[in-house]
Amino acid sequence: MDFADQLSLAAQLVAGAPEIIRTERDRWRVVLLDEYQDTSFSQVSLLRDLFGGGHPVTAVGDPNQSIYSWRGASAGTLQRFPQDFPAAGGTPATVTYLTKSWRNREAVLETANAVSEPLRAGAVPPLTVGAKFDDEHGIGSVEAAMHLTAADEAEWIAARLAAVWEPGADETAAVLIRKRRQIPALHRALTNAGLPVQVVGSLGLLYYPEVAETVAMLRAAADPMNGPSLMRLLAGNRWRIGPRDIAALWTRARELAPDSRGFEPDAGADAEASLADALADPGAAERYSTLGYLRFGQLHEELSWIRGRLGQSLPDVVGDVIAHSGLDVEVMLHHGDLSNLDEFTDIAASYENDTLGASVPGFLSYLESAAKRERGLVVEGANPAGGVVQLMTVHAAKGLEWDVVSVPGLCEGCCRRR
């Protein structure tokens, strides 16, 4: 059963049982529908049956945005809201425009309105100033320049920032980019101009050593045939198994292959050799160094214990991996900051909450896809900081404010793309 099936069944229940409508309306006396432009036709139908006909409902949305059109969402649902959810007397719902900006100066808003005019196309009015600034900056200023190369542009931005912004002052500054490939040239130019730079979200969460170790433990426990994850653990900083012991373990894996996997003459023993089998049955201790043999047993015990916990909820499994392996203690001793492990645990919880039938193998597949398509789960987000030029993507800057801002890489047509 997928999400569309759930919607369909919910609609059937509501249509055939008026008491459900009464119960839900009594439970939710006032309803707010956020990001309403992203609702599909079936969702609107269900919501209208539940809360239409005069129940207190407010929808908030952007008529110029519809990022879920692939699943049937349409910004037109926002325009139809007054008729779909009329007031108790049957009159269309009241429409209010949220166009007053309380964070930008007049010069910035004037530029924003001019740039966004083709997007608005009469659907929404232009932005207006909600607060007047009476400090030395007045209405603010907006500068634009065109350059032949990205390097020229980066040097010009660095020069302008050096001229109008003082690193030691309380004022904040940011350079907001559209593509991460812009970072090297901008970072080089800002540094050469003597400006302190902070790159935000430069490293994906999956590439931090403690998170990579946790993922490797999960993979090795959930899939004993995953040789790369087991090799990462064996040769990593935690277990430090040398090449001689690893070679001896692999020889043992080839010996065990016909017995443990079934002998197939055409495939050969190497095709079925598993380091996990050798780890469980390493053979004679004389083959290995004393320390290597001891650590093989410890790692096998650890992975076996984790395998016995894989049926728990994902956050609990991740927490057990971190606690049983002692990664949290190691990180605290060396870095004093568990934020990356906490963030990874939160991602596991979010995945479980958002995924029907969530499992460890499914979560690992999601992480593999994130490593390829989402730069290893880059944690986008920051707070404005004084004394440094913050370099980040426009996406990460959503909702934040700085005193001085530069946006390189703009070109004709780029503002029309989603």
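1. Buried means under 20% relative accessible area, exposed means over 50%, and partly exposed is what lies in between, for a 1.4 Å probe and protein chains only. By that scale E35 is partly exposed, because its relative accessible area is 38%. E35 sits in the loop that joins β1 (31-33) to α3 (41-51). Its phi is near 50°, a positive value in a residue other than glycine.

2. On the basis of the note: this is a predicted model, in which local features need pLDDT of at least 70 and side-chain atom pairs count only at pLDDT 80 or more, while totals for chains, interfaces and linings use all residues. Residues are numbered from 1 along each chain as its sequence is written, and side-chain values use heavy atoms, with hydrogens and water left out.

3. Overall content. The protein chain has 16 helices and 8 strands; helices (H or I, at least four residues) and strands (E, at least two) are DSSP runs, numbered from the N terminus. Of its 418 residues, 36% count as buried. Contact means heavy atoms within 4.5 Å. Among contacts in the protein chain with a separation of 6 or more, 69% come from residues 24 or more positions apart.

4. Most residues other than glycine have a negative phi. R240 is not a glycine, yet has a positive phi of about 55°. R240 belongs to the loop between α9 and α10 (243-261). It counts as exposed, because its relative accessibility is 55%.

5. Helices α1 and α3. Two packed helices are described by the angle between their axes and the distance between the axes. Here axes are lines fitted to C-alpha atoms, for helices over the stretch in contact, and angles run from 0 to 180 degrees between N-to-C directions. Helix α1 (residues 3-16) packs against α3 at an angle of about 25°, and the axes are 10 Å apart. Therefore α1 is roughly parallel to α3; angles under 35 degrees count as roughly parallel, over 145 as roughly antiparallel, 65 to 115 as roughly perpendicular and the rest as oblique. On the α1 side the contact is made by F3, L7, A10, A11 and V14, and on the α3 side by S42, Q43, L46, D49 and L50. By class, this contact of α1 with α3 has 7 nonpolar, 2 polar and 1 charged residues. The classes are: Ala, Val, Leu, Ile, Met, Phe, Trp, Tyr, Cys and Pro nonpolar; Asp, Glu, Lys and Arg charged; the others, Gly among them, polar. The crossing of α1 and α3 is left-handed, a term used if the near helix is turned anticlockwise from the far one by less than a right angle, with right-handed used if clockwise.

6. Helices α8 and α9. The axes of α8 (residues 209-222) and α9 (residues 227-235) come within 8 Å and cross at roughly 130°. Therefore α8 is oblique to α9. The two helices make a left-handed crossing. From α8 the contact takes in P209, A212, E213, A216, M217, R219 and A220, and from α9 it takes in S229, L230, R232 and L233. Sorted by class, the contact of α8 with α9 has 7 nonpolar, 1 polar and 3 charged residues.

7. Helices α12 and α13. The axes of α12 (residues 290-307) and α13 (residues 314-325) come within 10 Å, with a crossing of roughly 155°. Therefore α12 is roughly antiparallel to α13. The crossing is right-handed. Residues E301, E302, W305 and I306 of α12 meet D320, V321, H324 and S325 of α13. The class count for the contact of α12 with α13 is 3 nonpolar, 2 polar and 3 charged residues.

8. Aromatic pairs. The structure holds 9 aromatic pairs. Rings of Phe, Tyr and Trp (its six-membered ring) pair if their centres lie within 6.5 Å; planes under 30 degrees apart count as stacked, over 60 as edge-to-face and the rest as tilted. F81 and F85 form a stacked pair, at 4.9 Å centre to centre and 20° between the planes. F81 and F85 are both buried. One aromatic cluster is formed by F344, Y351, F363 and Y366.

9. The surroundings of L190. L190 lies in helix α7 (residues 183-192). L190 is buried, because its relative accessible area is 0%. Apart from neighbours within four places in sequence, L190 is in contact with A158, L161, V175, L195, V197 and V389. V175 is 15 residues from L190 along the chain, and their C-alpha atoms are separated by 9.9 Å.
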